Amino acid sequence: MDDGRKPDEAAPAPSYRYVVLATLILVYTLNFLDRQILGILAKPIKDEFGLTDGQFGLMGGLAFALLYTTLAIPIAWLADRFSRVWIMTAALTVWSGFTALCGFAGGFWQLFFSRMGVGVGEAGGVAPAYSLIADYFPKSQRARALAAYAFGIPLGSGLGTLVGGLLAATYGWRTAFIVVGLLGVVLAPVFRAIVKDPQRGGADRIESGAPPAPAAPPPPFGDAVRLLAAKPSFWLLSFGAAASSVCGYGVAAWLPSFFMRSLGLTLSQTAWYYSGIALFGGLLGIWLGGVVADKLGAKSKSGYPITPAIAFLISVPCFLLAMNSGALFGGLGKSAAMTAAFLIFLIPTGLNLAWLGPITAAVQHLAPAPMRTTASALFLLINNLLGIAVGIYYFGLVSDLLKPVFGAESLRWSIYTGMAFYLVAAGLFFLASKRLEKDWVD
């Protein structure tokens, strides 16, 4: 019987949604692998091209974020009207291809423009995925599903650091870019073969017991903008996430350099050391954030932003403690001090990523199903334009400015100043918790 859906949009089997989620996590892992690999390659690239911290921050931040954030809006408009899966397939191919091209750069500007190309591709990789997950999983499981999707961040960051660092130490930084880029190009057709587009809003109807219905045409883009602009919680959630991302992206990009400069680790040692912190700390924090928010959110919608707000307040002193573990535990020997630092770093690394599931789930509920991709893209525009473009450059610039005073330790003090952004994020999320119930869309 014709229920008004395209064959590609038939109601999915419950087990299939987990296959889709696993595939989306894999693609998101490559997304962050290609995005974050630059951090572990900072030293060999800077040495070859003679770059300052500020120049490298521009290349790692602005070059990527400029088109990544601005193109996300028109791509989201297309994704609300056409196949999200085809858009993600094309995006994966483009960003992976440009990642491989980074390995052929002959100077700063060639690498700068290649990173812009990576941003062009990745502009179509996240907002459509958020929308797909919202249409595969019911509201009661959505924060956990989005938290599981966010596993791609620590997986990609950890693997990018480990694989990129080891390849660079053995074969050079150019080989690292080429290998990880070609991996995504190969995966793109596999992704398209596995993932299907579900009916928009289908999971909500299944959970409510409503019968299947033909998908309504997507509303004009301007309607989505006006709807979200009128909701204070959208701005508070977006700028709260952006404040946290300034520090999150900046720390992720510069911690490998900190480990090499201030802790005396080699490139390969840093690859193993930081990949473990990013992987284990990130996975635990993201999952716990989603689980706790789903439980608190079932009682009150304010639980979604309050969960990461508390996490940020706890993480700041933990992070400062971790960065000073060498001085605090140095009397036990370098090996013991590094082990202590590793264990303490796991705590703030996890807490600082606990916002991903709760906040992205909340944003999905600030607009009806036909507007979800656009809502996600507008949220990501604010989050990433500030988080990536400002965050990575901020730490590099401040490090350059502080170098005459602190010398080789200027990066340490630059990172100290960045912790203030987590406190700003916590404050904005607390304010959002007061307005979210009123702005919520079931």
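**View 1. Tyr304, a buried residue of H15.** Tyr304 has a relative accessible area of 7% and is therefore buried (buried means under 20%, exposed over 50%, and partly exposed in between, with a 1.4 Å probe and protein chains only). Tyr304 sits in helix H15; helices are DSSP runs of H or I with at least four residues, numbered from the N terminus. Gly357 lies 53 residues away from Tyr304 along the chain, and their C-alpha atoms are separated by 8.7 Å. Please keep in mind that this is a predicted model, in which local features need pLDDT of at least 70 and side-chain atom pairs count only at pLDDT 80 or more, while totals for chains, interfaces and linings use all residues. Residues are numbered from 1 along each chain as its sequence is written, and side-chain values use heavy atoms, leaving out hydrogens and water.

**View 2. A nonpolar patch on the surface.** Here you can find Ile310, Leu313, Ile314, Leu423 and Phe430, which together have about 410 Å² of accessible area (Shrake-Rupley method, 1.4 Å probe, with only the protein chains shown as cover for residues). Helix H15 (303-323) and helix H21 (420-433) each give two or more residues to this patch, and H15 supplies the largest share, three residues. Leu313, in helix H15, counts as partly exposed at 41% relative accessibility.

**View 3. H15 and H21 crossing.** The axes of H15 and H21 come within 8 Å and cross at roughly 155° (axes are lines fitted to C-alpha atoms, for helices over the stretch in contact, with angles from 0 to 180 degrees between N-to-C directions). H15 and H21 are therefore roughly antiparallel to each other (over 145 degrees; under 35 is roughly parallel, 65 to 115 roughly perpendicular, and the rest oblique).

Terms used
Patch = residues over 30% accessible without salt bridge, like charges linked within 9 Å, V, L, I, M, F, W, Y side chains within 5 Å. Salt bridge = Lys/Arg side-chain N within 4 Å of Asp/Glu carboxyl O.
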